[in-house]
Structures are given as C-alpha cells and as structure tokens.
Amino acid sequence: KMMKNVKSDHLHFGGLDTVELARIYDTPLYVYDVHKIRENARAFVNTFKNMQIPFQVAYASKAFSSIAMLQVAKQEGLSLDVVSQGELYTALQAGFPVERIHLHGNNKSTEELEMALKHNIGCIVVDNFYEIELLEGLVKEYNQTVNVLLRVTPGIEAHTHDYILTGQEDSKFGFDLSNGQAEQALLKLLDDKEINVLGIHCHIGSQIFETTGFIMAVQKLYQTMNKWNTLHQYVPEVLNLGGGFGIKYTEEDEPQPLAQYVEALVHEVKEQAKQYELPIPEIWIEPGRAIVGDAGMTLYSVGSIKEIPDVRTYVSVNGGMTDNIRPALYNAKYNAVVANKSNEESTKTVSIAGKCCETGDMLIWDEQVPESIEAGDILGIFSTGAYGYSMSNNYNRFTKPAVVFVENGKSQLVVKRETYQSLTQNDLFYE
Ligand code: LLP
C-alpha cells in the first residue's frame, strides 16, 4: 500500500510513516525495513568478496524465521542455519536452496536427521557422540552420503565486550578440544565412507563487540588443524566461525561495523594459514542478530499511565514479554520513541510496562518520552528485529503480533496476527 500525506512529526521507518502502519495493521506490530536487512547481509557478503576468499554467510534463522524473511535471505545469496525441524520446514516452504542449508542442534532426533537426509541439505553440524551413532545408522540404512562439520568448543566464550578462556570447556554444545573428545569424534567420522567431514565449526557467543574473541578462536582452531594434519593427515575444507556479531541497541553499545568482523577473521585465517603452511579454507559465518536486529522495530499502543508521585510513572503498552521477552529474560536494554510525537521537545522520564500479569514484565526502565504522552499514542521500540518475534509466546493467552515488511515506499503483511481461534485450535474438550 502506498502512503501519502505523511505528517512531519511522525516517526518514519524504512521510508514509511509508522503511525500510519499502526493504523493499517494494528498493534502490537513488528515492522522490518527490508532495505536494512539487505544492507546488513551485503556488508558481510561484499567484505568476503572484496577479500577474495571463498565463503558462505549463513543466516541464523533462529533470530527471525518466516517464509518472507527466508525469501530475502535467498535473494541476497545467503546460506541458512536451521536448528530444528520447524526451522527446516520453514526453509523448505520458502523454497530455500537445500544445498545451502546447515542443520544445528545439541540433541538432534532421528526424525530431524532423517528429514535433513531426505532433503539432501548442505551439511549437518555434528555436535555429539549420540548424534554420530544415529547418523552412522541412517546413512548406512539409506545408503546415502552426507557432508558434516564437526562442532568443537575452542575454550573461548565471549559476551558483549568481555571474553573468558575456559581450560576445561563446560558447554552443552560440541566436542571438547582440550580433552581429546573432538579428535576421537573426528576419527570416528573419518572412518565412515558415507560421511564427508567437510570441516570444523565453532561458535563463541552472541552480541560480541570486539574482534579479539574471534581472532583467538581462529588461532585455537589452527593449532588444532595443524595437529590433526600432522597426526591424521586431515585438513578441513571449511572453517565455520559461527555468529555472534554485536549490534547497537542503545548508546551504551559499541559494536564494530559489520565489515570489520569479517576483515579481522579473514586476516587472521590468512596469517595462521601462512604460519602453519596450511591451505586457506572456505570461511563460513552464521550471523543472526546482525542481519535482522536493527532492521526491525515494534509498534505498540499506549494505554494506562500510572503516576506514583516522586517515585515513578508506569506507561503501559498493549504488548510486552509475550512479544519481546528479552528485557525480562536478559535485562536487555532498548530505546523507544512516541511515534506520533517524534518532534516534541519537552520530555519526562517514564518506565514502559507490558500488559502481562507479572511484575517483571517491563520493556524499558527510565526512558525519556514526550511530556504529553497519553493513552492512544503509538510507542515504537527500536532494534527488536532479532530474537523478538522468534521468542514470542502466548503467555496470558495473548495472540502473537503481525509482521510487516516495508521496502521502496510500500508495506506488506508477511506474518498474520494470531487470532483467538489460533489460541484454542489445538485444545480439545475433555469428555
Ligand atoms: N550460530 C550458532 C551455533 C548459535 O548458537 C547462534 C546463536 C548463532 C549462530 C547466531 O548468533 P547471533 O549472530 O544471532 O548472535 N536469544 C538470545 C541469543 C541466543 C543466541 C543463540 N545462538 C538473545 O535474545 O540475545
């Protein structure tokens, strides 16, 4: 739908008037600026291209998976990281090229592995010994070959701007490098003629601001590769360094430009390859948040406002931890604006509350909003594109919001709002 006569004090997002979007599609509403999604994807892809190294950028679809989103990922030439049958099903429904789909998970079921084999997906990221057993059985049964990556824990864990080195790795994911389990898994997989060990995978964390942790991971992997080359003449074709590239939610956050993460990684891989006289592998990465995080925002309607004199003002909106659980779960910080009063200068401090029957359902503590904030205003929260809709839930039997894509001055509904019928569709009367 084209929109005209936009008012100047209205917040625009992706070139469109957000107040108008709220009116057309109702609230709570997720809005994605598709141009921004493409820009983020291209920042990764073009940096690899410029550095002339074979690569894949696999979008981690757990950040936000829907058919329309995966269509855009496909158009941008991305690969896809899926972690469940549900995410794989969505990818197949979207017509995503199967050879560019990678399956993750620390507890893949027989059905999941069968689905992956049946659809001949690009690779399975093998996580544990139980999975190796299952996979060995299945490839023999179907007389089928499969590409795998071996997921290892390099003993580096990064969060935001700090990282920790863990000697003995304590993680539910992957094979430990320090206690020989990774090597044992490699040998087991190399023994199977149906299984092609394409390479190694590691993921060191999420919302990481610095390149240090990634560089340390590359160094650790090259030590291992050198050892495995000497002992077992095994040299991986692919090095998958996972996701975790940080984004800016508020002024406090200071991530690198996306290109810089790639430059640092590729630079270090080239250095290490030279040092150990090993070939330069294909570099794969798995960004989720960095592709969609700042490309999405949420629009709410303001309802009740409770002023406790000298204490706090609670401004309640018609959503909350059901559509964005990150503040409640991780104490995540966001910024908001009143979309229909984006030019008002006098402000006051309020806290934005969700409408769930739960004290912890707060979206933002102490945000500056226009003095005149009142019921009926449209409140927009920025950078909710990653792990917002994808972690949404039906607590208090709230319906999940609609999702709208905007691009080139047009908006389009891409995920319908849930209805009350959707809430009870699986319920059965007890007889
Ligand atoms: N690859 C692997 C193996 C992962 O486990 C993850 C995220 C990613 C890639 C993508 O990471 P990203 O680029 O999005 O940071 N729900 C949390 C984030 C959980 C991340 C889990 N794994 C949040 O809302 O912050």
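The shell around the ligand takes at least three residues from each of two domains, domain 1 (12–32 + 295–420) and domain 2 (104–287); these bounds come from an automatic or database domain assignment. The model is a predicted one: local features need pLDDT of at least 70, side-chain atom pairs count only at pLDDT 80 or more, and totals for chains, interfaces and linings use all residues. Residues are numbered from 1 along each chain, as its sequence is written.

The shell holds 20 residues, and those that come nearest to the ligand are Ser 206, Gly 243, Gly 288, Arg 289 and Tyr 387. A residue is near a molecule or strand if its C-beta atom, placed from the backbone, lies within 6 Å of it. Two or more residues of the shell are given by each of strand S13 (205–208), helix H10 (289–292) and helix H11 (326–330). Such elements are DSSP runs numbered from the N terminus, with helices (H or I) of at least four residues and strands (E) of at least two. By class, the shell has eight nonpolar, eight polar and four charged residues. Here Ala, Val, Leu, Ile, Met, Phe, Trp, Tyr, Cys and Pro count as nonpolar, Asp, Glu, Lys and Arg as charged, and the others, Gly among them, as polar.

The chain is divided into domain 1 and domain 2. Their centres, taken over C-alpha atoms, are 37 Å apart. Five residues of domain 1 are in contact with four of domain 2, where contact means that the C-beta atoms of two residues, placed from the backbone, lie within 7 Å. On the side of domain 1 that touches domain 2, two residues are nonpolar, two polar and one charged.

Next come two pairs of helices. Helix H2 (residues 34–50) packs against helix H9 (residues 258–276) at an angle of about 30 degrees, with the axes 8 Å apart. Axes are lines fitted to C-alpha atoms, for helices over the stretch in contact, and angles run from 0 to 180 degrees between N-to-C directions. H2 is therefore roughly parallel to H9, as angles under 35 degrees count as roughly parallel, over 145 as roughly antiparallel, 65 to 115 as roughly perpendicular and the rest as oblique. From H2, the contact uses Asn 40, Ala 43, Phe 44, Thr 47 and Phe 48, and from H9, Leu 258, Ala 259, Val 262 and Glu 263.

Helix H5 (residues 110–118) and helix H6 (residues 129–142) pack at about 45 degrees, with their axes 10 Å apart, so H5 is oblique to H6.
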